[in-house]
Amino acid sequence: MNTKPRRRIVWGHLLLLIVIVGVVIAYLLDTRAASLRINNLLLVQPASILALILAALVLPGIFPRSEATEEEPEKKETTGDLVRVFLLIAALAGLAFSLETIGFDIATFAFMVVALAICGEKRWWVNLGFSAIFTVALIYGYGSITPFPFPLTIL
C-alpha cells in the first residue's frame, strides 16, 4: 500500500492565478508601451513586480499534498462555507454602493465589521478595534497618495 502523500492541483485557484498574472503582465506591457518616463511607471511597475512576486509565493499552495485515505475522504466545501462566500460578496457590493451615500469612512468601517463577523471573529472588541484602526489607516493612507476628494462622514 502506498502511504506517500500525493500532490493534487486546485484547478480553480490555478486558473484564477493565471488570469491575475496575465492581467498584471498585460497592464505592465501596455504601460511600458505608452511611455517609459518615470512619471508613467512610478506606481505601475513596482506594483506589477510586487504582484508577480506575490503570485509566485501563492503558487506552491495550489499544489497541496493530499493526505486523504480511502477511509477518510477529502473535505469539501460545506453549504455554510458557500453561504459565507455569498455573504461576503453581498457585503462588498454594499460597500461599493454605499461609498458615496454614507461616506467612505463609515462604509469601510461597516464593511470591515461585517466581513470579520462573517469570517468568524467572535470577540466584538477585536472586531471593532481592528476595523477602526484599519479604516483610519486606509483613509489617511489613501488620502495622502490620491488627490481624489472622496466623501467622508466622520474622518
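**Exercise 1.** Is R123 buried, partly exposed or exposed, and what is its relative accessible area?

*Solution.* The structure is a predicted model, in which local features need pLDDT of at least 70 and side-chain atom pairs count only at pLDDT 80 or more, while totals for chains, interfaces and linings use all residues. Residues are numbered from 1 along each chain as its sequence is written, and side-chain values use heavy atoms, with hydrogens and water left out. With a relative accessible area of 44%, R123 is partly exposed, a class lying between buried (under 20%) and exposed (over 50%), for a 1.4 Å probe and protein chains only. Its salt-bridge partner is E121, at 3.0 Å from N to O, and E121 is likewise partly exposed, at 24%.

**Exercise 2.** Find how many salt bridges the whole structure holds, and describe the one formed by D81.

*Solution.* A salt bridge requires a side-chain nitrogen of Lys or Arg within 4 Å of a carboxyl oxygen of Asp or Glu, and the search finds two. D81 pairs with R84 at 2.4 Å, N to O. Both residues belong to helix 4 (residues 79-102), where a spacing of three residues separates them by about one helical turn; helices are DSSP runs of H or I, at least four residues long, numbered from the N terminus. D81 is partly exposed at 26%, and R84 is partly exposed at 37%.

**Exercise 3.** Describe the chain over residues 124-143, a span that the unreviewed UniProt entry annotates as "transmembrane region".

*Solution.* The annotation may be inferred rather than shown by experiment. In the model, residues 124-143 are 100% helix and 0% strand, with end C-alpha atoms 28 Å apart.

Technical notes:
Helices (H or I, at least four residues) and strands (E, at least two) are DSSP runs, numbered from the N terminus.
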